[in-house]
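Hello,

Here is the structure I said I would pass on.

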Amino acid sequence: MVKSNKAYFGRTEKLGFNPLSDEDIKLNYYENFYDPNLNIYTKHSKIPPGKRSSTRLLDESDDGNAFRFTVTRLDTKTKIGVCSLQDVDFLNRSGHIARFLWDKNISGMGLGTEVLRFLTGFAFDKINLNKVIVRNVSTNIAAEKSCLKAGFTLEGKLRQEFYANGKYLDVNYFGMLREQFYSKGLTTDKND
Ligand SMILES: CC(C)(COP(=O)(O)OP(=O)(O)OC[C@H]1O[C@@H](n2cnc3c(N)ncnc32)[C@H](O)[C@@H]1OP(=O)(O)O)[C@@H](O)C(=O)NCCC(=O)NCCS
């Protein structure tokens, strides 16, 4: 695994966040998406990322449509995954969150929830969005629970939206509003 000692663009209690970089792509970070146990509920089980598609993600970030971060554990200084605020819509001031934590030793640490807290804080405090959305396949229990723990509201169910292992699965649509975030005092960014 990749070690990092750099300062962080953003931090929560246990995690540091830095922009996804050329260096990550040179180090083939995308191969972490190839684990079939982890990618089952993401598009990566069908469209595995490679060097070229990952480089395109960097271009998209430069255009301001997406903000992509690596996730580093502060205790071990190990990169354990990536996350993003993507499909950012500056007319309606909304964006979608995606997360992928590939370290198998993090179970029970609440890190997926910390990732959500960082990205919602970034969305509201830093780039002035009004709404953040997370879409989870309904059988992805860890993703569902972490959304609820981070204070998201289940807004609806998209029926048979995602195909995996021979079945069409429902997708749950979670949202967090700016007013909800501030009324609950949810920000955890340690850089502030
Ligand atoms: C989704 C993901 C980010 C969640 O991260 P995480 O670190 O497990 O999340 P948290 O620990 O904050 O919360 C998960 C909760 O679900 C619980 N959980 C996990 N698997 C469970 C299961 N099979 N049954 C019941 N509860 C389960 C955990 O115990 C925890 O709850 P707790 O804090 O009350 O104990 C991570 O699993 C991941 O990256 N998965 C692969 C990619 C993916 O599916 N991304 C989401 C779609 S974009």
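The notes below cover the ligand, a pair of helices and one lysine.

Please keep in mind that this is a predicted model.

The ligand

The ligand is surrounded by 21 residues, and the closest of them are Leu101, Gly112, Thr113, Ala142 and Lys145. Three elements, β5 (94-101), α4 (111-126) and α5 (141-149), each contribute at least two residues to this shell. The largest share is that of α5, with 5 residues. Sorted by class, the shell holds 10 nonpolar, 9 polar and 2 charged residues.

The helix pair

The helices α4 and α5 also pack against each other, at an angle of about 50° and with 9 Å between their axes. The crossing of α4 past α5 is right-handed. On the α4 side the contact is made by Gly112, Thr113 and Leu116, and on the α5 side by Ala142, Ser146, Cys147 and Lys149. By class, this contact of α4 with α5 comprises 3 nonpolar, 3 polar and 1 charged residues.

The lysine

Lys157 is part of strand β7, which covers residues 153-164. Is Lys157 buried or exposed? Lys157 has 12 other C-beta atoms within 10 Å, and a residue with 12 or fewer counts as exposed, so Lys157 is exposed. Apart from neighbours within four places in sequence, Lys157 is in contact with Asp170 and Asn172. Asp170 is 13 residues from Lys157 along the chain, and their C-alpha atoms are 6.6 Å apart.

Regards

Key: Residues numbered from 1 in each chain as written. Predicted model: local features only at pLDDT ≥ 70, side-chain atom pairs only at ≥ 80, totals over all residues. Near = placed C-beta within 6 Å. Helix = DSSP H or I, 4+ residues; strand = E, 2+ residues; numbered from the N terminus. Nonpolar A, V, L, I, M, F, W, Y, C, P; charged D, E, K, R; others polar. Axes fitted to C-alpha atoms, helices over the stretch in contact; angles between N-to-C directions. Left-handed = near helix turned anticlockwise from the far one by under 90°. Contact = placed C-beta atoms within 7 Å. Buried ≥ 20, exposed ≤ 12 C-beta atoms within 10 Å, placed from the backbone.
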